Every structure is written in C-alpha cells, then in structure tokens.
Amino acid sequence: MHQSEHDVVIIGGGVAGLTLALEVAGARRVTLLRPDADDHGASQWAQGGIAAVLSPQDDIEAHVHDTLVAGDGLCDEAAVRFTVTQGPGAIDWLLAKGMAFTRDESANPSYPYHLTREGGHGARRVIHAADATGRALIDTLLAHAEGHPGITLRRDISASALLSDVAGHCRGIQGIDAQGAMRLLYASDVVLATGGASGLYRHTTSPLPACGEGMLMAAELGAELANLEFQQFHPTCLFDPDGPPFLISEAIRGEGGILRNLQGQRFMPDIDERGELAPRDIVARAIDAQMQRAGDEHVWLDISHLPAATIQRLFPTIHAHCQSRGLDITRQPIPVVPAAHYSCGGIVTDLSGASQVPHLYAIGEVACTGLHGANRMASNSLLECLVFARAAARALRKPRPTSDATITPRRIVQGGAAAPEYVDALMNEVRQLMSQKVGIVRHDAGIAEALRELTRLAIECRHLYRHHQPTLQLTSLHHAVRLAIMSVRTASERRESRGLHYNLDCPERLQSERHVSRASLAPELS
Ligand SMILES: Cc1cc2nc3c(=O)[nH]c(=O)nc-3n(C[C@H](O)[C@H](O)[C@H](O)COP(=O)(O)OP(=O)(O)OC[C@H]3O[C@@H](n4cnc5c(N)ncnc54)[C@H](O)[C@@H]3O)c2cc1C
C-alpha cells in the first residue's frame with residue numbers, strides 16, 4: 001500500500017477548501033484533495049451570491065438579527081456575530097484576489113458592486129457575479145491555488161476514511177486513487193471541506209451532491225455531529241423531469257418574481273406577510289402544500305413582468321439554461337418544485353473550525369458552527385465558507401505539537417468489488433426513503449418506518465463492506481446509510497416543529513425543545 005507524509009491535508013476543493021489552502025499555504029505545506037471531475041462540489045453551482053454588510057444603508061446588527069430570526073431560536077449568537085462581523089473583510093479578500101463581482105451600473109451608487117436582496121434579509125446585502133457566483137468564485141480561487149508553490153493539488157485521490165491513533169488524535173487519511181488502489185496519507189493536521197449531505201435525497205438542486213461522507217468520517221473518530229434533522233429544501237428547482245437538476249435562484253423572487261399555483265392564484269401573501277420573500281422553509285412548505293392539495297407536479301414562478309433586457313442582464317445563466325430547455329422566462333412563467341439543497345447540520349466546531357478531535361478541522365457545509373441554527377438564511381453559507389476557512393487558517397498557521405501515539409490500523413479486505421449496480425440500487429433505496437419519509441413535511445409513522453428500513457439497509461451494507469473491496473462507491477454507501485440513520489434518529493427525537501424540521505404529529509414549537517441536537521456514532525453503527 002502506498003504511504004506518504006504530509007503537513008496539512010485539506011479534503012475538498014470547494015470555496016471552503018480552496019480559501020483555506022490559499023490562506024494557510026504561506027506558513028504550512030498544503031496537500032489539497034480535489035477530485036478531477038469535482039462532481040460532488042456544490043460551490044460551482046451557487047447562483048445568488050454572498051451575504052455581507054457592504055451597503056452604507058445596512059448594518060451588522062441587522063444582518064445578525066435576520067440570521068437569528070431565520071435560525072428559529074437555535075443559532076449560536078456568538079457564531080452569528082463572528083461570521084457577520086468578518087463578512088466585509090472576506091469580501092475585500094476576494095476582491096483583492098480579482099473576483100469579478102457584478103458592478104452597480106446606476107448613477108452614484110452607494111457601494112460600487114450590485115447588491116441583491118434575498119429571502120429573510122431585511123436589506124440588499126448579497127454581492128454576486130451575475131447569477132453564476134459560484135462558478136466565478138471557483139475559477140478565481142482555483143487559478144490562484146494551481147499556481148501556488150505551497151499547494152500540492154491531488155486530483156487523483158478521494159478520501160474514504162480518517163486515520164487516528166490510540167490517543168484519539170487525527171493522524172491523516174485513507175484514500176483511494178484513480179486506479180482504485182488504497183493510499184495512506186499521514187498528516188499533522190487534517191481539514192474536512194467535503195460539503196453537505198443533500199445527496200441523501202432523491203431530488204437535489206445540484207447534479208451529484210455529497211452524501212455527508214465527511215461528516216461520517218469525523219463521527220468515526222468520535223467527533224460529535226449536530227442538527228442533522230435540519231435539511232434545507234430549496235423552494236424553487238426547475239421542474240424538468242428529463243433534464244439535469246437546475247436551481248432557480250432566490251434572487252428571482254428578490255427582484256419581484258411571483259409564485260402562483262397551477263390555477264393561477266398567488267398564494268404566498270396569504271401565508272406570510274413577507275410574501276415570496278419569506279424564509280425558504282416557509283416558501284418550500286407552502287409550495288409543497290399547494291402541490292399536495294391539487295395533486296400538481298409543480299407551481300409557477302413568474303418574472304416575466306420585468307423588461308427582457310433586465311432579466312437577461314441579472315439572470316443570464318438561468319435565462320440561457322431555460323432557453324436551452326425550450327422555455328423563454330422573459331415571456332413565460334417557470335415551472336418550479338422544492339428540492340434538497342443544503343445541510344444545516346454537520347460536524348460540531350468552534351470558531352476556528354476545530355472539531356472535538358485533536359488535529360481535525362471542519363469548514364464549510366460539512367461543519368455545524370452554530371451560524372444557521374434550525375434554518376440557513378440565503379447566501380449565508382458561502383459567507384460561512386469564507387469566514388471559517390480564514391479563521392481555520394489563522395489557527396493552523398501556528399502548528400500545535402503532534403501526537404506520536406501508535407496509529408490504529410485500518411482494516412484491509414481481500415475480497416473482490418461488489419457489483420456496482422447493486423450498490424447503486426441500495427443507494428437509491430436510501431434516497432427514496434429519505435425523500436418520502438423524512439422530507440419537507442414529516443410524521444411519526446413515516447420517520448419510524450424510515451428508521452426500520454434504513455436499519456435493514458445498514459445491516460446489508462455492513463455485510464457488503466466487510467467482505468468486499470472498499471471502492472469509493474461502496475464506502476460512500478456505507479457512510480451515507482449510517483448518516484441517514486443518525487439524521488432520522490435526531491428527527492424522531494425532536495418532539496416539536498422548528499425551522500426546517502416540520503412534523504405533523506408535533507406541529508408546535510416548544511420552549512422545552514429549544515436545544516441543538518447532538519449525535520455521536522452509536523457503537524452498532526461503527
Ligand atoms: C445549486 C446551488 C446553489 C447555491 N447557491 C448559493 C448561493 O447563492 N449562496 C450561498 O451562500 N450558498 C449557495 N449554495 C450553497 C453553497 O453553494 C454551499 O453551501 C457551499 O458552496 C459549500 O461549499 P464547500 O466548500 O463547503 O463544499 P463544496 O463546494 O460542496 O465542495 C466539497 C468538495 O469536497 C470534495 N469532496 C467531497 N467528498 C470528498 C472525498 N471523499 N474525498 C475528496 N474530496 C471530496 C468535492 O469534490 C468538492 O471539491 C448553493 C448550493 C447549490 C447546490
């Protein structure tokens with residue numbers, strides 16, 4: 001087996017991983033794992049932008065307030081304040097890196113770049129690069145990382161597990177290379193930047209999101225996970241059964257887009273005084289209810305009242321994609337449905353991204369910093385990626401003594417590979433169960449059934465995993481099914497409805513349930 005020694009290993013090259021790599025590389029040697037296709041990364045698909053207090057008409061307290069309201073009582077106020085306060089500095093850092101944000105073309109703008117307003121925000125504070133902010137961010141950061149002498153980019157290795165020692169410290173990673181061979185990368189510090197867990201669901205807003213593999217790898221080392229029951233569903237994914245998943249950005253509603261059911265009725269103002277700009281959970285549930293009530297497959301989102309030139313200028317990507325699917329959004333309403341979008345839960349970290357496992361950090365969507373609470377406010381996640389990557393870099397620039405305890409050996413399996421079609425079928429079963437029983441609107445019987453079925457699947461997966469070569473596909477399934485069980489357990493234990501967790505059998509929000517839900521990997525799942 002190939003073995004190598006490293007200083008800082010970062011797993012994942014989305015906005016969080018790339019930002020950290022650039023910020024720490026001057027002081028430490030960085031190895032960045034970013035699989036070639038980067039199939040699982042969400043960053044490249046981000047459209048709307050990054051929330052930060054940039055306009056002179058806005059202020060820190062207002063952004064803190066809006067985030068706390070969206071988080072529905074479960075945000076950690078210190079984490080919110082920290083993130084929001086660091087926001088303007090993070091944007092300046094990006095501008096210094098050459099990030100091409102869309103300029104404000106109006107006469108005498110109060111801030112040079114255009115700011116949009118999105119759901120839950122009481123002010124215009126979302127800076128963006130047209131409607132393809134994520135693509136522009138990744139291109140900018142990757143160009144710097146590729147040329148950096150302190151960063152070794154490994155496009156051929158994916159992580160399958162973390163290495164630990166008998167003292168409980170993280171000591172590196174176990175990976176699988178492009179040829180399917182196992183690799184051990186020993187490291188002084190490891191950072192998980194592997195993204196969220198929306199891939200546990202069937203309908204998603206990006207083509208192949210991660211299934212929370214990073215969260216489970218950390219849990220295997222004893223790290224606590226939190227708030228796993230709070231999965232965000234974006235209200236408006238393009239309804240296009242024959243096409244790839246495609247998000248219709250919240251900014252469309254920010255610029256006046258109107259939601260109507262298939263009977264032509266506008267429904268949001270009757271549900272929330274903020275109308276189409278209510279927080280995402282409220283809008284997603286309202287759309288779900290409209291569809292359930294009439295048995296419809298989608299609702300309409302209409303922006304066609306704006307001049308065609310404005311639509312094309314503000315939303316070139318959405319306009320072009322819809323056009324390529326035979327839909328002219330300057331003249332026609334857009335068919336939309338909710339889809340799994342963002343994981344509010346993840347690995348518990350402090351304000352420098354450190355997990356509870358020594359020498360293991362987690363940043364970006366894989367982490368649970370306390371910023372989002374029970375519901376993430378739009379465009380706060382890219383902000384969190386940037387702020388916590390830079391905070392982790394400050395901590396990592398001063399290396400701490402490493403452990404020299406004996407490294408716990410990993411299990412080596414001699415068997416052949418499991419049939420890929422079979423592994424695929426099991427993963428689809430997990431996704432089907434999560435979508436049908438633990439989706440936007442839940443009830444006790446569905447949650448209990450999901451738990452029973454997932455437990456059956458976990459037993460089957462464990463058998464496969466013990467007797468077959470640990471391919472990436474099989475490892476991902478093994479991690480996904482166990483994370484699904486942890487998520488469903490936290491959903492069943494929360495005896496209320498709050499934020500993104502809505503249970504018809506306990507619809508009230510209870511003061512007694514106002515707590516973060518923490519979960520460790522149960523012995524039977526390890
Ligand atoms: C369609 C869409 C639109 C969005 N729009 C916005 C927006 O406008 N504003 C906003 O704030 N947020 C938005 N979000 C959310 C935001 O994009 C994500 O939360 C954020 O990009 C996550 O970044 P990340 O760096 O944590 O992870 P990702 O960008 O998901 O990157 C994860 C990285 O880890 C790698 N990886 C995963 N597993 C492994 C492994 N086992 N081994 C090695 N590498 C691995 C992946 O290949 C990838 O490089 C959007 C999300 C989606 C899906």
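This report describes aromatic pairs, strand pairing and helix contacts in a predicted model.

## Aromatic rings

A search of the whole structure finds 4 aromatic pairs. One of them joins Phe101 and Tyr113 in an edge-to-face arrangement, with 6.3 Å from centre to centre and 70° between the planes. The pair links distant parts of the chain, since both Phe101 and Tyr113 lie in the loop between helix H3 (77-96) and strand S4 (115-116), 12 residues apart. Phe101 has a relative accessible area of 5% and is therefore buried, the cut-off being under 20%. Tyr113, at 13% relative accessibility, also counts as buried.

Another edge-to-face pair is formed by Tyr201 and Phe233, whose centres are 5.2 Å apart and whose planes stand at 85°. Here too the pair links distant parts of the chain, with Tyr201 in the loop between strand S9 (182-192) and helix H5 (213-220) and Phe233 in strand S11 (residues 231-238), 32 residues apart. Tyr201 is buried at 5% relative accessibility, and Phe233 counts as buried at 10%.

Phe101 and Tyr113 also belong, together with Tyr111, to one aromatic cluster. Elsewhere, a ring meets a charge: the charged end of Arg376 sits over the ring of Tyr342, at 4.3 Å from the centre of that ring.

## Strand S1 and its partners

Strand S1 (residues 2-11) pairs with S9 in the parallel sense, and the pairing runs over 9 bridges. Within this pairing, Glu5 stands opposite Tyr186 in S9.

S1 also pairs with strand S2 (residues 30-33), again in the parallel sense, over 4 bridges. In this case Ile11 is the residue that stands opposite Leu33 in S2.

When neighbours within four places in sequence are left aside, Glu23 is in contact with Trp93, Arg390, Ala393 and Arg397.

## An open sheet of four strands

An open sheet is made of 4 strands, which follow the order S17-S15-S10-S18 and have mixed pairing. Its edge strands are strand S17 (367-368) and strand S18 (518-519), each of which pairs on one side only.

Strand S15 (residues 346-348) pairs with S17 in the parallel sense over 2 bridges, and Val348 stands opposite Cys368 in S17. Helix H5 lies across strand S10 (225-226) and S15, and runs at about 35° to S15.

Definitions and conventions
Residues are numbered from 1 along each chain as its sequence is written. This is a predicted model: local features need pLDDT of at least 70, side-chain atom pairs count only at pLDDT 80 or more; totals for chains, interfaces and linings use all residues. Side-chain values use heavy atoms; hydrogens and water are left out. Rings of Phe, Tyr and Trp (its six-membered ring) pair if their centres lie within 6.5 Å; planes under 30 degrees apart count as stacked, over 60 as edge-to-face and the rest as tilted. Buried means under 20% relative accessible area, exposed over 50%, partly exposed in between (1.4 Å probe, protein chains only). A charge sits over a ring if NZ of Lys or CZ of Arg is within 6 Å of the ring centre and within 35 degrees of the ring normal. Two strands pair if DSSP finds at least two bridges between them. Contact means heavy atoms within 4.5 Å. Axes are lines fitted to C-alpha atoms, for helices over the stretch in contact, and angles run from 0 to 180 degrees between N-to-C directions.
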